Amino acid sequence: MTARSEMQLEKLIDEATRKKNSQLLEKFLATEDSENVSYKCSKQFVNKLDKLLCRELDKQEVKSVSTLLNVIQKCGGRISIAGEDGLPAVMKYGLVGRMVNWFEKLKGILILRGNEKNEMLTSLVEDFFNVLLAVCESRPEGKMQILENFVLRTCSLITDVRISIYVQQEVVRKLNLMLDNVPREAKKKLFSTKEMLLVM
């Protein structure tokens with residue numbers, strides 16, 4: 001495996017940030033199918049990804065945000081940072097905390113767009129929750145970290161009348177998948193907080 005193929009992912013993130021264009025990433029996703037390619041990334045990778053994703057969310061570039069989320073979902077398991085592999089390595093460098101911020105920005109877009117039936121928005125929500133599910137499946141601590149950070153936020157999204165019913169339906173489906181195989185006691189703990197009872 002060449003160093004070029006290993007570094008390709010991070011270089012594409014840098015390029016998309018510099019050129020303010022995610023077309024190269026879209027092309028990369030369309031052609032990327034090699035299961036045995038590892039993407040060696042620097043310790044700054046999560047910061048770079050966060051900067052680009054926040055910029056695209058602030059500009060409400062739905063297609064670009066979906067592309068970046070798909071990059072995380074499809075390539076996350078093959079990322080290597082400082083000798084650690086996969087999504088657990090990306091989590092170690094702050095992925096979940098960044099995703100909380102992305103979620104809040106995404107919610108702002110969903111509230112702004114209101115009740116319109118928009119397939120791109122529904123697809124964007126699906127892409128975001130697919131990344132959450134990928135992190136959940138990466139290892140047990142990942143699942144608990146995601147649930148602790150996102151169950152209340154997700155339930156708040158589902159109950160927010162300003163958000164399209166189509167988006168809410170997709171979020172309910174994804175929440176059920178996230179809660180799949182979670183022990184009863186852990187669910188009880190997640191759903192018995194004061195904030196959660198207010199939402200319920």
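Predicted model: local features only at pLDDT ≥ 70, side-chain atom pairs only at ≥ 80, totals over all residues.

Colleague: How many salt bridges does the structure hold?

Modeller: There are 15. A salt bridge here is a side-chain nitrogen of Lys or Arg within 4 Å of a carboxyl oxygen of Asp or Glu.

Colleague: What does D14 pair with?

Modeller: D14 forms a salt bridge with K48, at 3.3 Å from N to O. D14 sits in helix α1 (residues 3-19) and K48 in helix α3 (residues 45-58), so the bridge ties together parts 34 residues apart in sequence. Helices are DSSP runs (H or I, at least four residues), numbered from the N terminus.

Colleague: Which residues are in the network with D14?

Modeller: E10 and K48; salt bridges link them with D14.

Colleague: How accessible is D14, and how about K48?

Modeller: D14 is partly exposed at 31% relative accessible area, and K48 is partly exposed at 25%. Buried means under 20% relative accessible area, exposed over 50%, and partly exposed in between, using a 1.4 Å probe and protein chains only.

Colleague: What about K19, which side chain does it meet?

Modeller: K19 meets E15 in a salt bridge, 3.1 Å from N to O. The two are four residues apart in helix α1, about one helical turn.

Colleague: And E56, buried or exposed?

Modeller: Buried, at 5% relative accessibility. The side chain of E56 meets that of R55 in a salt bridge of 3.1 Å, N to O.

Colleague: Changing topic. How many residues are in the largest nonpolar core?

Modeller: It has 66 residues, and those with the most contacts inside it include L53, W102 and F129. Helix α7 (residues 119-138) gives the largest share, 11 residues. A nonpolar core is a set of buried Ala, Val, Leu, Ile, Met, Phe, Trp, Tyr and Cys residues joined through side-chain atoms within 4.5 Å.

Colleague: What does F129 touch?

Modeller: Leaving out residues up to four places away in sequence, F129 touches F103, T154, L157, V171, K174 and M178. Contact means heavy atoms within 4.5 Å.

Colleague: Last one: where is E185?

Modeller: E185 is in helix α10 (residues 184-191) and is exposed, at 57% relative accessible area. E185 and A16 are 44 Å apart, C-alpha to C-alpha, and 169 residues apart in sequence.

Definitions and conventions. Residues numbered from 1 in each chain as written. Heavy atoms only, no water.
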